[in-house]
Amino acid sequence: MRITHTMLQNNMLNNLFKSQAQMEKYFTQIYTGKKISRPSDDPVIAMKGMGYRTQVTEVEQFRRNALDAWNWMDHSDDVLDKATKAVQRMEYLAVQAANGSYSEDERISVMKEVEQLQEQLVELANTKVNGKYIFNGTNTDKPPINPTPDENGKYHVTFGDGDGLDEIFPVQIEISKGIKIPINVSPEGIFDQELFDNINGFINALKNDDNVAEGEATIDDSIEALNKSMLNIVNGRAELGARMNRVELIEDRLAEQEIIAKDTMMKNEGVDFEEAVTNLLTQEVIHRAALSAGAKIIQPSLIDFLR
Amino acid sequence: MSTFQGLELARKALFAQQGALYTTGHNIANVNTYGYSRQRVNFETTTPFPNPSRGMPNRAGQMGTGVEIGTIQRLRDQFLDFQFRTENSTLGYWEKKQEAVTRMEQVLNEPSENGLAKTMDRFWQSLQDLADNPDNSGARSVVAHRGLALAETFNHLSKSMQSIQSDLKDQIDVSVKDMNSLLKQINELNKQIQKVEPHGMLANDLYDERDRLIDKLSDYMNIKVHRTPSSESSLEIADGLVSIEILDSRGNSLSPDGVFLIDARSGKDLDSAVNEISVQPGANEKGPITSVSIAGQELENLDILKSDGSFSALIESYGYEENGVVKGLYPEMLAELDKMAREFANEFNRVHHGGKHLEEDNDGNGSKFFVNKANQEDNDYKNSTDRDESITAENITINIDILENENLIAAGDPDKGSQNGDNAHALADVFDQSLDGLGNTSARKFYASLIGDLGVKGQEARKMKESTEIIQAQIDFSRMSVSAVSLDEEISNLIKFQHAYNAAARNMTAIDEMIDRIINQLGLVGR
């Protein structure tokens with residue numbers, strides 16, 4: 001084959017361009033940290049990359065949701081703890097007051113304390129976190145209990161709009177794909193009519209020095225009733241504790257998932273730096289060799305050797 | 001035999017070698033001229049003496065009378081030209097195709113932290129936050145603005161692609177102009193060649209120029225060059241006139257009679273030999289290409305698309321209408337994005353309708369979340385629960401009422417308490433919901449597969465371009481092997497012809513001395 005200088009030169013240039021294009025590719029890989037810079041570089045990586053990105057976003061979001069869940073549940077737990085203590089205190093007072101040696105005055109002062117505890121329970125039930133009532137289901141803008149002194153100045157509570165507790169809907173938070181967990185504690189069975197009836201019965205018994213009318217609770221009755229109320233609260237708390245455990249488990253799993261998802265994403269589209277740097281260095285050596293060979297090959301012609 | 005024959009012979013040799021030296025000089029001068037083919041002087045011996053005839057002198061054998069330049073021929077392989085042009089049109093096709101896909105990839109910008117997929121993810125996140133805090137006006141406002149960002153991303157993609165599309169149309173118009181100008185130039189050269197060849201000469205430099213133009217033309221489509229002798233008195237080795245026919249990618253004629261861009265087969269009427277190309281719609285007009293005509297004659301079924309080349313790649317990328325259906329890379333992608341925007345928006349609106357917002361002066365049902373820009377002022381439209389088929393990626397936007405009052409976002413389930421966020425969950429689920437209109441995939445997956453398809457197209461275009469590039473370069477290499485000027489060769493020729501010239505001069509000196517002997521030094525006996 002006849003080879004001319006122009007051909008050699010063109011060939012050399014073509015090859016230099018190709019080698020430079022390769023270098024550019026490895027450079028881009030190194031400074032973007034990605035194997036591909038557009039879908040056509042590798043459609044499969046690109047498509048998977050989009051899926052993994054969504055996955056990472058989702059896991060991050062679920063972890064954020066879990067934080068919100070903790071906020072509710074921790075506060076609810078704290079409130080239930082305090083409510084338990086308040087009812088426990090009432091029960092203790094009832095046991096003391098049942099002791100026949102208590103004078104009327106003493107019973108009245110016990111009554112005063114119970115009234116305070118009752119108010120405290122109302123405040124606990126109406127706890128607001130982040131501006132939300134946490135014991136009224138999704139009706140976070142309304143207090144579950146409305147304290148209203150009646151005409152005798154007697155302390156009364158009404159529930160919801162006045163005719164019993166509002167219907168309670170669970171506050172759901174999605175903490176994993178498709179898994180929604182209720183994070184609220186329903187006031188039903190805890191801060192309900194029964195609790196306040198029991199307290200009012202106790203107050204009534206104390207006020208009348210245990211000489212109550214037929215059908216009204218005596219102090220002894222109150223001990224039992226308050227004990228039941230306390231158990232209700234404890235049960236509610238136990239149930240909440242079980243849910244908290246579940247959130248904790250899921251959260252642990254999410255933390256792992258986040259690492260795995262990010263890792264998968266990196267493995268999918270991230271560049272292997274050792275490989276990219278080695279490739280770049282190899283390419284550089286090739287490029288230098290091509291330059292030096294090119295410089296030699298395009299130099300001499302017959303003219304250089306004629307006199 | 002003439003006394004001075006020897007002088008004549010030497011003179012002819014001097015002239016011939018001089019001609020060869022000049023041709024060598026021409027070759028050297030044009031070593032860097034693109035498309036130049038080296039030229040060679042074909043020496044021929046002149047008619048020997050004597051000629052057989054009645055009065056011929058009686059002598060033994062014919063005697064040579066020297067040399068003359070027969071022809072000056074360019075060295076070129078037409079078969080390689082043919083191969084080169086076939087590959088060149090394929091290369092042109094894939095180059096333009098790849099360019100179009102690459103520009104689309106740049107606009108879509110996936111996978112990245114700024115693409116449509118990420119914008120959707122961010123919108124989804126804001127809905128999750130809203131579900132956690134339905135009473136929080138901050139969370140609501142974020143939903144409204146991220147929804148707007150999603151709509152604006154759709155708008156941006158649509159607009160950017162349309163502007164690339166109109167750029168492609170400009171390229172089509174420029175290509176048509178350029179092709180027609182090339183055809184005219186080729187035809188002009190045909191005319192000039194027709195004036196030169198009948199004199200028994202070879203118009204080497206005009207041939208080169210013409211081949212250069214045909215090479216350029218072959219970038220646009222697959223063409224075949226037919227050759228016709230320019231006249232009866234032209235040399236056998238003359239290139240003659242060229243006619244140019246469009247071939248499909250398999251090398252077949254487009255019609256039984258062939259579609260000719262230049263028809264000089266008759267060798268006559270060269271003034272009307274050019275058949276100009278035109279497209280409908282014409283320059284500066286929009287809309288998909290409906291027809292391509294040659295000399296006003298419409299090509300059937302847009303046959304030009306069968307002839308791979310940058311022209312067909314441009315039309316395929318820009319969009320064309322076939323049997324009333326608009327096809328092409330850009331129109332199809334735009335249609336897919338429109339479909340995605342429409343289906344997603346309608347499903348999102350449907351779920352939004354079912355929810356409850358925070359404003360009381362309303363029946364509690366959500367209005368449309370995404371709307372068509374044109375209907376932004378129409379309250380009946382915005383509150384109706386009908387599907388809106390007019391939403392496209394270009395006109396989608398968020399209901400301005402929601403943007404102005406984020407309480408109108410229907411985050412709650414009407415039956416589940418005053419501040420529930422259940423409908424926000426349902427809205428977030430729309431992203432992964434299979435939608436009928438998208439062929440039973442979710443919007444997210446639909447988009448990912450769009451990107452995947454585009455990637456595959458781009459990858460194919462690049463690979464094809466790269467492999468065709470190699471083939472084309474190899475053929476060009478072979479072509480240059482035949483035609484390119486080698487300086488070493490020319491220098492050695494230079495020496496060869498110089499020696500021949502010197503020797504011829506020496507020959508003349510010898511003859512001169514011979515004659516000198518006869519004229520000046522004979523017959524001096526006894527002087």
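A:N130 sits in the loop between strand 1 (128–129) and strand 2 (132–133) of chain A; helices (H or I, at least four residues) and strands (E, at least two) are DSSP runs, numbered from the N terminus. Although A:N130 is not a glycine, its phi is positive, at about 55 degrees. This is a predicted model, in which local features need pLDDT of at least 70 and side-chain atom pairs count only at pLDDT 80 or more, while totals for chains, interfaces and linings use all residues. Residues are numbered from 1 along each chain as its sequence is written, and chains are lettered from A and ligands numbered from 1 in the order in which they are written.

**Backbone exceptions**

- Most residues other than glycine have a negative phi, and most peptide bonds are trans.
- A:N130 counts as partly exposed because 13 other C-beta atoms lie within 10 Å. A residue is buried if 20 or more other C-beta atoms lie within 10 Å of its own, exposed if 12 or fewer, and partly exposed in between, with C-beta atoms placed from the backbone.
- B:D269 is another residue other than glycine with a positive phi, near 50 degrees. B:D269 lies in the loop between strand 5 (259–262) and strand 6 of chain B, and it counts as exposed because it has 9 C-beta neighbours inside 10 Å.
- The peptide bond between B:E110 and B:P111 is cis, with omega about -10 degrees. B:P111 belongs to the loop between helix 2 (78–108) and helix 3 (116–132) of chain B.
- A cis peptide bond also runs from B:Q280 to B:P281, where omega is near -5 degrees. The loop between strand 6 and strand 7 of chain B holds B:P281.

**Overall form of chain B**

- Chain B contains twelve helices and twelve strands.
- Chain B is more spread out than a compact globule, because its radius of gyration is 38 Å, well over the 24 Å that the globule rule gives for 527 residues. The radius is taken over C-alpha atoms, and the rule is 2.2 Å times the number of residues to the power 0.38.
- The C-alpha trace of chain B spans about 150 × 45 × 30 Å along its principal axes.
- Of the 527 residues of chain B, 44% count as buried.
- Among contacts in chain B with a separation of 6 or more, 69% are between residues 24 or more positions apart. Two residues are in contact if their C-beta atoms, placed from the backbone, lie within 7 Å.

**Domains of chain B**

- The division is into domain 1 (5–75 + 485–521), domain 2 (81–108 + 173–330 + 452–476) and domain 3 (116–159 + 337–425). These bounds come from an automatic or database domain assignment.
- The centres of domain 1 and domain 3 of chain B, taken over C-alpha atoms, are 92 Å apart.
- B:F82 is placed in helix 2 of chain B and counts as partly exposed because it has 16 C-beta neighbours inside 10 Å.
- From B:F82 to B:D338 there are 256 residues in sequence and 44 Å in space, C-alpha to C-alpha.

**Three-stranded sheet in chain B**

- An open sheet of three strands runs in the order 6-7-8 with antiparallel pairing. Two strands pair if DSSP finds at least two bridges between them.
- Strand 6 (277–280) and strand 8 (297–298) of chain B are the edge strands, each pairing on one side only.
- Strand 7 (residues 291–294) and strand 8 of chain B pair in the antiparallel sense over two bridges, and B:I294 stands opposite B:Q297 in strand 8.

**Nonpolar cores**

- The largest nonpolar core has 112 residues, and those with the most contacts inside it are B:L127, B:I262, B:A341, B:F370, B:Y447 and B:I451. A nonpolar core is a set of buried Ala, Val, Leu, Ile, Met, Phe, Trp, Tyr and Cys residues joined through C-beta atoms within 7 Å.
- Helix 4 (residues 137–196) of chain B gives the largest share of this core, 17 residues.
- At least three residues of this core come from each of domain 2 and domain 3 of chain B.
- Leaving out residues up to four places away in sequence, B:A341 touches B:F154, B:I391, B:T392, B:A393 and B:I396.
- A second, separate core of 50 residues includes A:V59, A:L80, A:M90 and A:F191.

**Contact between chains A and B**

- Chain A and chain B give 41 residues each to the contact.
- On the side of chain A that touches chain B, the elements giving two or more residues are helix 1 (5–32), helix 2 (43–98) and strand 5 (172–176) of chain A.
- Helix 2 of chain A supplies the largest share of that side, twelve residues.
- By class, the side of chain A that touches chain B has 13 nonpolar, 18 polar and ten charged residues. Ala, Val, Leu, Ile, Met, Phe, Trp, Tyr, Cys and Pro count as nonpolar, Asp, Glu, Lys and Arg as charged, and the others, Gly among them, as polar.
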